Amino acid sequence: VSDDQTSFIVLSNGSESGFVPKAPSSPEALQLTIDASQTFSAHDPEGAAVLVDRALKLDDRFGMAWSLLGRIRMVQGRTDEGIAAFRKSIELDPQNWETYNLLAYAYTHTAHPDDAIQTWQQLLNIYPNDEKARTSLAKLLLQGKRYGEAIADLEVLTSGSKPPVQALLSL
């Protein structure tokens, strides 16, 4: 949600915590990133990449632009570049829960489960109530036959007054 296009509030999935991304130093970089996101949503990753590259030339410290670039590169099949962009985004904006999830999913699709596990654990250190991350972590731990760790995460997941049935069914 934005009221002045220089600040955003993104509510994390199940964490009950808010995240306020760092605004770019250039209003033009913000607008280019918004345009790139809309272009990407319209299934034009190449056009979106051109726009986000322009935004990053104006402000190479804008974490949201790096995160978007990571998504674009993953769709383009440029996985290593996508992972590098997600890592840069996290370096610049370490509270951005969404980019941690994107990075972890990228690692799971590139046969780097230990990196995915570490990324989800980092996210859960920041947002311990993130149900999506905890479920994904437990699933990956179960696949890796790391049952003791998976059980610990499942116990956290089910310890609330209203256990997340959908999350448990997905396991």
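**View 1. Lys 145 lies in the loop between helix H7 (131-143) and helix H8 (147-158).** The model is predicted, so that local features need pLDDT of at least 70 and side-chain atom pairs count only at pLDDT 80 or more, while totals for chains, interfaces and linings use all residues. Residues are numbered from 1 along each chain as its sequence is written, and side-chain values use heavy atoms, with hydrogens and water left out. Helices (H or I, at least four residues) are DSSP runs, numbered from the N terminus. Although Lys 145 is not a glycine, its phi is positive, at about 60 degrees. With a relative accessible area of 60%, Lys 145 is exposed, a term that stands for over 50% relative accessible area (1.4 Å probe, protein chains only).

**View 2. Ala 111 is found in the loop between helix H5 (97-108) and helix H6 (113-126).** Ala 111, which is not a glycine, has a positive phi of about 60 degrees, and at 65% relative accessibility Ala 111 counts as exposed.

**View 3. Helix H2 (residues 45-58) and helix H3 (residues 63-75) have axes that come within 10 Å and cross at roughly 150 degrees.** That angle makes H2 roughly antiparallel to H3, the term for angles over 145 degrees; axes are lines fitted to C-alpha atoms over the stretch in contact, and angles run from 0 to 180 degrees between N-to-C directions. In contact, meaning heavy atoms within 4.5 Å, residues of H2 including Pro 45, Val 52 and Leu 56 meet residues of H3, among them Trp 66, Leu 69 and Ile 72.

Methods. Helices (H or I, at least four residues) and strands (E, at least two) are DSSP runs, numbered from the N terminus. Angles under 35 degrees count as roughly parallel, over 145 as roughly antiparallel, 65 to 115 as roughly perpendicular and the rest as oblique. Buried means under 20% relative accessible area, exposed over 50%, partly exposed in between (1.4 Å probe, protein chains only).
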